[in-house]
Amino acid sequence: MTATLTPQPKRTDDRARRIVLLPDRPVRPGDRDTVVGERLPVPAALLAEGVTKRFQVERKKPPVIAIAGVTMRLDRGEIRGVLGANGSGKSTLIRLFSGLLTLDEGRVEVFGHDIVRDELAVKRLINRVSVDAAFFKKLSPLENLAFAARLYGLDARRAKRESIEILGRLGISEKRVGRPIEQMSRGMQQKVAIARALLTSPALLLLDEPTTGLDPRSKLDVQGFIADLRTTHDATIVLTTHDLDEADRLCDRITVLDRGRTVVEGTPTELKALVAADHGGTESLENVFMTYTGRSLDADVEEDADDDTTERR
Amino acid sequence: MAILAHEMKASFAFIERNFNLTKRYWGWEVAFLVYALAGALSVTLIGADQGSRRLIFSLMIGAIFWNYLSVIFSFIAETIAWERWEGTLEYTMMAPVRRYSQLLGSTLYAILYALIHTAFILVVLVLFFGLDLSHADLVTAAIFMLVGSVSFVGIGMMAAILPLLYVERGAQMTFVLQSVLLLISGVYYSIDVLPGWMQVASRFSPATYILDGVRKALIEGVSIGALWGDVWPLVVMGIALIPLGLWAFGRAERYAKRTGKLKRVG
Ligand SMILES: Nc1ncnc2c1ncn2[C@@H]1O[C@H](COP(=O)(O)OP(=O)(O)OP(=O)(O)O)[C@@H](O)[C@H]1O
Ligand SMILES: [Mg+2]
């Protein structure tokens with residue numbers, strides 16, 4: 001129900017002063033200018049509390065803890081980077097937010113809607129782009145996007161117009177939109193995946209390594225697009241990436257995961273300053289990454305010296 | 001009303017997408033049609049070999065309607081397997097669509113597809129064997145097909161669960177279900193030749209009633225009014241199997257989301 005959110009100034013610092021109508025109440029004429037009824041603090045775009053996910057991979061073995069008690073809060077319009085080594089739980093976290101995995105513990109709210117109790121409402125608000133562009137490969141970009149449009153209840157003709165426009169902005173010409181996706185390079189496919197997500201105007205966009213495997217130019221295109229998204233679409237974004245420059249440039253705040261736990265969170269500047277002293281004063285996200293995901297710095301490392309996927313406590 | 005319209009739109013998404021897929025894989029569609037046609041022909045030729053008109057008729061009906069039912073069944077069962085193979089399953093599952101809209105859309109397309117497929121084979125076989133359908137009660141046969149499809153949709157939904165639960169071999173496992181139905185439903189022979197316990201099992205297969213009804217309608221021209229004994233079990237099964245299929249699918253989806261089985265291998 002994004003429609004009930006009052007228009008808000010973007011990227012102001014006094015976020016606490018923003019107000020919103022009760023999200024579950026239908027909008028009445030005049031609501032927007034003469035706010036009747038109760039004023040509440042803005043619900044977070046994304047609120048996760050104590051989120052935990054375990055996978056039972058083998059019988060009799062303790063489960064893998066993929067995500068352990070992660071708590072985070074994203075304000076509307078924020079781009080949140082999630083960094084971490086391979087297997088640290090980034091994709092699992094994105095899947096939990098997307099409702100593709102059930103929570104073992106904790107809760108998640110998207111614009112005030114609980115993802116379990118209010119599943120359908122949340123699904124309308126979110127979209128996800130994963131590292132592997134998932135399409136019906138024999139279908140054209142337009143056909144794939146038309147399918148997405150119908151799933152999200154959009155008007156077919158308008159969706160087609162918008163698809164062509166969005167694809168065009170991403171550098172995919174009108175000539176190509178009718179040919180099977182399998183004929184496109186991976187970078188182009190990834191752009192189509194992003195276009196598909198944009199088509200549904202998600203209020204919360206979950207991007208799981210959207211630029212991995214792209215050439216430098218495509219990468220820049222996609223990054224530029226992500227930055228645009230916030231300004232033009234007012235989207236809130238969770239972005240996982242292994243590209244630290246990308247995280248530095250795009251993200252307002254960064255959460256570093258290590259083996260399913262949040263080890264540190266802050267703005268890129270804060271994080272860099274935090275570890276600069278240990279690295280002879282050089283400020284870089286690489287140092288942050290190395291410091292917080294370095295296993296040797298952890299006290300409980302010997303537990304999983306042989307197998308980093310078994311349960312840790 | 002608005003919700004209903006939205007859900008209908010979502011169902012249509014699956015119909016349109018499957019239509020587009022059929023269009024793009026037309027070479028495969030032709031191959032599949034030839035395969036089904038050759039199968040039906042070779043089975044029916046057993047009747048010609050035996051020199052029995054009645055056997056030709058009976059085998060032809062068995063071959064054709066088994067084709068119809070198995071196309072519906074496998075199409076629905078495959079919707080999940082297909083998406084898993086393409087890697088779109090997670091995307092589709094996180095769309096704001098109720099599961100029944102998704103399954104309804106896939107189902108409607110499957111029935112439409114199977115009807116066209118089967119009609120083509122029927123026409124070719126009737127021409128090939130020079131069969132006379134003037135005594136046949138075509139309306140009754142059509143009613144049996146439609147009523148019977150409902151139960152098969154329910155079974156198809158349950159079969160669709162397998163690819164949800166078994167990441168690698170789920171699609172192949174639906175064939176097991178299909179071949180057991182073929183065995184017990186009297187597709188090419190009378191169920192009277194089956195051992196007693198198999199005959200009991202055959203009572204629980206909707207195909208048994210569909211084939212019996214269609215045979216009587218097409219060969220003997222018996223009308224629907226006289227076939228109540230075949231109709232009511234189909235109605236009961238249809239009413240029971242659809243909600244059961246939806247329920248089972250929902251359970252399987254929750255299981256897949258708990259254990260992380262929606263994602264592709266790896
Ligand atoms: N479906 C699943 N079944 C079993 N274990 C899983 C499943 N998904 C993830 N895991 C486990 O959870 C942990 C976190 O995996 P995840 O894919 O979230 O890592 P990641 O941070 O995205 O890694 P990468 O940088 O390689 O993408 C890993 O130990 C992984 O083996
Ligand atoms: Mg990942």
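Reader: In which loop of chain A does E209(A) lie?
Author: This is a predicted model, in which local features need pLDDT of at least 70, side-chain atom pairs count only at pLDDT 80 or more, and totals for chains, interfaces and linings use all residues. Residues are numbered from 1 along each chain as its sequence is written, chains are lettered from A, and side-chain values use heavy atoms, leaving out hydrogens and water. Helices (H or I, at least four residues) and strands (E, at least two) are DSSP runs, numbered from the N terminus. E209(A) lies in the loop between β9 (204-208) and α6 (216-233).

Reader: Is E209(A) buried or exposed?
Author: Buried means under 20% relative accessible area, exposed over 50%, and partly exposed in between (1.4 Å probe, protein chains only). E209(A) has 13% relative accessibility, so the residue counts as buried.

Reader: What is phi of K60(A) near?
Author: K60(A) is in the chain A loop between β3 (46-55) and β4 (64-74), and is exposed at 88% relative accessible area. Its phi is positive although the residue is not glycine, with a value near 70°.

Reader: Which residues is N144(A) in contact with, leaving aside its neighbours within four places in sequence?
Author: N144(A) sits in helix α3 (residues 141-151) of chain A and is buried, with a relative accessible area of 2%. Contact means heavy atoms within 4.5 Å. With those neighbours left aside, the contacts of N144(A) are F135(A), F136(A), L139(A) and I181(A).

Reader: What separates the C-alpha atoms of L104(B) and I15(B)?
Author: L104(B) belongs to helix α5 (residues 99-129) of chain B and is partly exposed at 37% relative accessibility. L104(B) and I15(B) are 89 residues apart along the chain, and their C-alpha atoms are separated by 9.1 Å.
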